[in-house]
Amino acid sequence: MASDDLIDEELRRDSPEEGGKPDDRVDDERHDEENRLKPEFVRRVVDALEDGDKSEVYDLVEPLHPADVADLFELVGREDRSALAEAVSDLLSSEVISELNDYVREDMIDALPAYAVAEIAEQLETDDAVQLIEDLDPRDQAAVLAEMEPEDRAAIESALSYPEETAGRLMQREFVAVPEHITVGDLIDFLRDEASDPDALPTDFFEIFVVDPAHRPVGTCQLSWILRTPRHIGLTDVMKRDQTLIPVTADQEEVALMFQKYGLISAAVVDEAGRLVGQMTVDDVVHIISEEAGEDALLLSGAGDGDINEPILLTVRARLSWLVINLGTAMLAASVVSYFQDAIAKFALLAVLMPIVSGMGGNAGTQTLAVTVRALATNQLTSANTWRAIGRELTIASANGMALAILIGGGTALVFDNPLLGAVIGTAMIINNLTAGMAGIAVPVTLERLRIDPAVSSAVFVTTATDVMGFFSFLGLAVLTGLA
C-alpha cells in the first residue's frame, strides 16, 4: 500500500464516523461550548469529596484530559485540593503537573507523600522537575530527592545550585550532542539506534549540537538539514558554525531577548569553561516572556503577583505595603496644598480646579512610564539613545500640554468668566505635563542604572512628582498673578 494510502487509512480508523475514538476534550457532559469545565461538573466533584467518596471522584476525573485535570484543581477551593490530590494521585501525570498554576501546584504537592512527588518529578523534563521541587521547603526537598534515582537527583541538585531565574535553573539537561568527525549517515544511524531506548533521547528536540573533544559546542544541525543531506556528507560540511551560546548564569530576561532578537528555536547553554551543559527551547522562552510581561504590568500597579490563587494573606501584604507608601506620598502632596491654604480660602475655585492639573499630569506620567519600562525591558532603550528618548518624550509632553492648556484654559475662562484663571490653569497644565514627561522617563532610567527594577519602584516617584508639581505650579501661579 502506498504511503498516502496508509495515512488515509489511519485517518479513517481514528475518525469518529468510522468508529474511531472521538476527542475526549469535546464532551458535552463535562465541558461547555467554549471547552471549559462546566460549573455543574465541578460541583459534582466537590460534593463527592465532601462525602468522602474517593471512588466517585476518581470515576469523574479519570476521563479528563491532563489540561482539564489541571483546570479542575484550580477551580475547586483551596481546602479541597489536598483531598482531590489523594483521590486521583495516580492520574497526576507529568502533563497535569506542567499545566498547574504555581500556587495550586504547591497545595497539591503538600498533600502527596515524598515518594509520590519523586515519581512525578522523574517523569518530567529536568526543567519542569526543578520547577516542581524548587518551591518546597528544605526538609521536603531533601525527602523528595532521597526518593529519586541517583542520576535524576544529581541533575536536579545541579540545577538548584544556580540562582533563580537564570539559564542554569531553567535549562533542559536533555539534548543530543555528537562529535564533529562523523557523517550525516552516522548521525542518522545513531539516532535510530538510540530511539529504541525511550530514555536515551529527549522527547522533543529541534537541533543536534556538534561538540569538540572538550564538549564545547562548535556548531548545530537542524533536523531538516540532516534529512535532506546525503549520508556520506560530513557534519562539519553541513553544520551551522555561527551559533548563539547562552551563559549558564544569564538572566531569563536576557535569554528571552536573545531568542526574540535572533529568531531562535533552541540554543546551547554553556558553563564558565564553555562546555555544553544544557539547552533552552522556544517553548520555555514563550513562558518566560508571558511571565515577565505580566509581572511588570502587575508590579507597576503594586498588585503583587496578581494571581487569584495566591493566598489572601500574601496578597494583602503585597498590596498594603504599596498603599502605605502611596499614603505617604499623598501626605507630601497635601503638605504643598496646606502651604497655600490662605490663597484657597480667598478664592475657593482653586480647590475645585487643582485636582484636574495633578490628575492629568499623573495620567501623562503613567503613559510615559509604561512606554519607558517596556523599552528598557526589550532593550529598545539603552545608554546609547537615552538622551534622544528624553528629548522625544519632552517634545510629546510639550505638544500634549499645549493642547490640554488650550482646552482647559479656554473652558475655564468661558465657564467662570475669568481669563486670568484660564491662563493660570493652562500654564500649570503645560508645566505639569513637562514634569510628567521628564519624570516618566528619567525615574525608570535612573533606577535601571542603579540596578533597581524600574517596574517595582517607578510609579511611586512619578505620581509623587506630578502631584506635587501640579499643586505647586497651579497654586503658586495663582498667588504670583494676584489671582488669590
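**Entry 1: Met148.** I listed the contacts of Met148 (contact means heavy atoms within 4.5 Å) and left aside neighbours within four places in sequence; the partners are Ala118, Ala121, Glu122, Ile133, Arg153 and Ile156. Met148 sits in the loop between α10 (138-146) and α11 (150-160). Helices here are DSSP runs of H or I with at least four residues, strands are runs of E with at least two, and both are numbered from the N terminus. With a relative accessible area of 4%, Met148 is buried. My cut-offs are under 20% relative accessible area for buried, over 50% for exposed and partly exposed in between, using a 1.4 Å probe and protein chains only.

**A note on the model.** This is a predicted model, in which local features need pLDDT of at least 70 and side-chain atom pairs count only at pLDDT 80 or more, while totals for chains, interfaces and linings use all residues. Residues are numbered from 1 along each chain as its sequence is written, and side-chain values use heavy atoms, with hydrogens and water left out.

**Entry 2: helix α2.** I then turned to α2, which covers residues 39-50, 12 residues in total. From first C-alpha to last it reaches 16 Å, close to the expected 16 Å (1.5 Å times one less than the number of residues). Which residues of α2 are buried? I noted Phe41, Val42, Val45, Val46, Ala48 and Leu49. They lie on the same side of α2 because they cover an arc of only 160° around the axis, taken from the directions from the helix axis to the C-beta atoms. Pro39, Glu40 and Glu50 are exposed on the other side. What do the buried residues of α2 pack against? They pack against α3 (54-61), α4 (66-75) and α5 (78-87). Just after α2, I found Gly52 with a positive phi of about 75°.

Entry 3: A reminder to myself: most residues other than glycine have a negative phi. His215 has a positive phi, near 65°. I placed His215 in the loop between β2 (207-211) and β3 (217-222). Its relative accessible area is 32%, so His215 is partly exposed. Asp417 is not a glycine either, and has a positive phi of about 50°. I found Asp417 in the loop between α21 (386-416) and α22 (419-449). Is Asp417 buried or exposed? At 68% relative accessibility, Asp417 counts as exposed.
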